[in-house]
Amino acid sequence: MMTNLFSIFDPMNSLFFSLNWLSTFLGLLFIPNLFWLLPSRYSFIWNFILSYLHKEFKVLLGNNSFQGTTFMFISLFSFILFNNFLGLFPYIFTSTSHMTLTLSLALPLWLSFMIYGWINHTNHMFCHLVPQGTPSILMPFMVCIETISNIIRPGTLAIRLSANMIAGHLLLTLMGNTGNSLSNYMLTILITAQILLLILEVAVSMIQSYVFAVLSTLYSSEIH
């Protein structure tokens, strides 16, 4: 029985080691089908998604990017998508609702971009602090604003993903807890609303993984 509303996000289910975090690796179960089974509609759809993402990320990164960079962001998209989607199933822990995971993805990416950019393209990074066409009197303020917006990027990436996962699950839980005290007519409306909300959450899980990967790609393209 659920002790409180936020216990669905509690990773601890044992005294010594939390087995809930193993749900992060459940996405690996989808991969062998692409290599060991005959081509199916699932594999065709997934290959179409990967090729589409490769083309789009290639455009966002530009011509000066290293070869194979798009595959890193495609892997990031796949990892987040699997975890977001699997978290919608009952009794599967939603690992992407924790800042421990989302910040572990966003912070190393942003830090590696910054270190590479400031070491190899120092003048270009300084130019990004002052947008083109800024009046001279506003330049000190723009430098402060751009620096702050640059520093909070990993936080916004992590919070956006985890907050969207938490919000949807909490809403589903709140609506589900009211089912015991409702009449049959209201219960039918509640189930319909839950199904519609679950469809919305499936869309959110896909959109948020795409947004995370695209923003990471855009941050990478700025250092060239």
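Predicted model: local features only at pLDDT ≥ 70, side-chain atom pairs only at ≥ 80, totals over all residues.
Residues are numbered from 1 along each chain as its sequence is written, and side-chain values use heavy atoms, with hydrogens and water left out.

Helices are DSSP runs of H or I of at least four residues, strands are runs of E of at least two, and both are numbered from the N terminus. Helix α2 spans residues 41–61 and packs against α8 at an angle of about 30°, with an axis separation of 8 Å; axes are lines fitted to C-alpha atoms over the stretch in contact, and angles run from 0 to 180 degrees between N-to-C directions. The angle makes α2 roughly parallel to α8 (under 35 degrees; over 145 counts as roughly antiparallel, 65 to 115 as roughly perpendicular and the rest as oblique). On the α2 side, the contact (heavy atoms within 4.5 Å) involves Leu 53, Glu 56, Phe 57, Leu 60 and Leu 61, which meet residues of α8 including Tyr 210, Val 214 and Leu 218. The contact of α2 with α8 comprises eight nonpolar, three polar and one charged residues, where Ala, Val, Leu, Ile, Met, Phe, Trp, Tyr, Cys and Pro count as nonpolar, Asp, Glu, Lys and Arg as charged, and the others, Gly among them, as polar.

Helix α8 also packs with α7, their axes coming within 10 Å and crossing at roughly 175°. The two helices α7 and α8 are therefore roughly antiparallel. Their contact contains 15 nonpolar, eight polar and three charged residues.

The partners are 69 residues apart, Arg 153 lying in helix α7 (residues 153–177) and Glu 222 in the segment after α8 (184–221).

Helices α3 (residues 69–86) and α4 (residues 99–120) pack at about 165°, their axes being 12 Å apart. This angle makes α3 roughly antiparallel to α4, and their crossing is left-handed. Met 72, Phe 73, Leu 76, Phe 79 and Ile 80 of α3 contact Leu 101, Leu 105, Leu 109 and Phe 113 of α4. The contact of α3 with α4 has nine nonpolar residues, with no polar and no charged ones.

Terms used:
Left-handed = near helix turned anticlockwise from the far one by under 90°.
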